[in-house]
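Biologist: Could you walk me through this model, one topic at a time?

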Amino acid sequence: MKAVGAAFSIENAAHFMRKFILGMIYMPDIKKYDVAIIGGGIGGLMAAYRLKQNSPDIKIVITERGNSLEKRHCPAGRENGCVHCKTCSITSGYAGAGAFSDGKFNLGTAYGGTLGEELGDAKANKYIDEVDKILVKYCTSGVPQVYKSNDELKLKCIQNNLRLLDMNVKHLGTDKNYVTMQNLIRAISEQGVDLLAFYDCQSVEKHDSGYILNYTNGEKIYAEKIIIATGRGGANFVADFCRSFGVKMHSNHIDIGVRVEMKDIIWKEFSDKIYEPKILYKTKTFEDRCRMFCFNKGGLVSAENNHGIITANGHSYAEDEKRTENCNFAILSSIRFTEPFNQPTEYAESISRLANMIGNGNVIVQRFGDLVRGRRTNEHRLGQNTVEPTLKATAGDISLVLPHRILTNIIETIYALDKVAPGTANDDTLLYGCESKYYSIRPEFMNDKFELVDGVYIIGDGSGICRGLSQSGAMGIYVADCILN
Ligand SMILES: Cc1cc2nc3c(=O)[nH]c(=O)nc-3n(C[C@H](O)[C@H](O)[C@H](O)COP(=O)(O)OP(=O)(O)OC[C@H]3O[C@@H](n4cnc5c(N)ncnc54)[C@H](O)[C@@H]3O)c2cc1C
């Protein structure tokens, strides 16, 4: 190994050199790295970028369960539903879950995770700003638009018992976001980071002062330090790691609900002014928290394959010609379980699985008018609907899937949103079930470096702290700094 860069101390360099030589003697066949990053989403990419920038000779590998970005293609669409690919191209592969996202970049800490609480707002914002600068550098396909918060809409929401979460948002759109990620990945590769696709990390073992990572393809890698950047899709991996290394896990809440689709014009006032309305509502019957979020103007509803369970999501393109007549967003009901129940992820998964069972292996779609009249949607009624579905889903009945409490919360939220965007509760509004977000595993950190055990760090959505691109990227850069310092 060559001498390391400025920010990588001489002590660290000597330490890595000694371990490398020992490794060559005892594990001649295994590839050896200073840092192995598990997961090639924005968190892992930002961590690798920062490590290489500040320490050019450090040896880094990113191992990713999915494919390279260019080879990620989802066959689902208007004509055919999810075909259950072995590795879901929407959620897995280089650029992570955000690869085909709408690229809404939150310029602050008001939502999208709790990094502000962990690091303090000033520090978290500084790191978010650094992620933004890197993305601007690699966004070569035009300048993204920035939407500012709006007092008039905030007031309108308050007057209707709704809380509009406001923060400045930079909108890249799916296509600009894709190009930006492509450029960033190319830059990381040119810096000398090894990028391995279809490397699904199964387990980690302690070995000497570092770790051996075992992959489902039979390969092994040795690394002095590990960054776990496995996103929401890696929840089981994180849980297994924590169990093997005796790291405590806390139960977080889960969000379950539906993806809602309607004519774009209904939310135009909001989307023109703030681009993405994120709205909270406390339901009347149960006083539960429901949230409207992940709004996609002119967007498409998409299907996600989470280990064989198909759920709904959505995205949109920045270019006008790729836009649809529809908009879509999620309405999710938050549940925090109490003792003795401690399997919130399994609970959410079993609801989504039930939807797949009734939907013949697919997501269910139902007209709102049919739902409130207590009847299923069939192909005939769907065919006559004024809102044309942008995802091929099975016409059915969501009330046979969602528990009463969650369904009541969703229906009440739709009526509440109708007061600020009339038309939301139209009969022809489409509900796709289910959509769910699990933040249920939150490991206990050893310290403020998000270290789980000596030399193993966790970042991004998989840490239970982040829920968005900006905070996941920021956490990646922060942990890279912790490793180098
Ligand atoms: C459709 C969609 C739209 C979204 N839109 C937005 C948006 O507009 N704005 C926003 O801020 N956020 C958005 N999000 C959320 C955002 O994408 C995530 O918060 C962000 O990607 C998290 O980054 P991450 O690096 O922590 O994890 P991820 O991006 O999930 O990346 C983790 C990677 O790790 C890999 N992995 C998992 N387990 C293993 C393993 N055992 N071995 C090897 N690899 C593994 C996965 O394949 C994945 O590629 C969206 C998400 C989706 C799905």
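**A facing pair, the sheet and the ligand**

Modeller: Let me begin with one residue in this predicted model: V146 stands opposite K170 in β6.

Biologist: How many bridges join β4 to β6, then?
Modeller: Three bridges join β4 to β6, the strand made of residues 169-171, and the two strands run antiparallel.

Biologist: And in what order do the strands of the sheet come?
Modeller: The open sheet has three strands in the order β3-β6-β4, with antiparallel pairing. Because β3 and β4 (145-147) stand at the edges and each has a single partner strand, one side of each is left without a neighbour in the sheet. From one strand to the next, the twist averages 25 degrees.

Biologist: Switching to the ligand, how many residues surround it?
Modeller: The ligand is surrounded by 45 residues, and the closest are G39, G41, G96, G231 and G460. By type, the shell divides into nine nonpolar, 28 polar and eight charged residues.

Biologist: Which elements each supply at least two residues of that shell?
Modeller: Those are α2 (42-54), β3 (104-106), β16 (309-315) and α13 (469-484), while domain 1 and domain 2 (253-438) each contribute at least three residues to the shell.

Biologist: Back to α2, is it mostly covered or exposed?
Modeller: Helix α2 is mostly covered, with 11 of its 13 residues buried, and among the buried ones are I42, G43, G44 and L45. From its first C-alpha to its last, α2 reaches 18 Å, which is close to the 18 Å expected at 1.5 Å a residue.

How values were computed
Residues numbered from 1 in each chain as written. Predicted model: local features only at pLDDT ≥ 70, side-chain atom pairs only at ≥ 80, totals over all residues. Near = placed C-beta within 6 Å. Helix = DSSP H or I, 4+ residues; strand = E, 2+ residues; numbered from the N terminus. Nonpolar A, V, L, I, M, F, W, Y, C, P; charged D, E, K, R; others polar. Domains from an automatic or database assignment. Pairing = 2+ DSSP bridges. Axes fitted to C-alpha atoms, helices over the stretch in contact; angles between N-to-C directions. Expected span 1.5 Å × (residues − 1). Buried ≥ 20, exposed ≤ 12 C-beta atoms within 10 Å, placed from the backbone.
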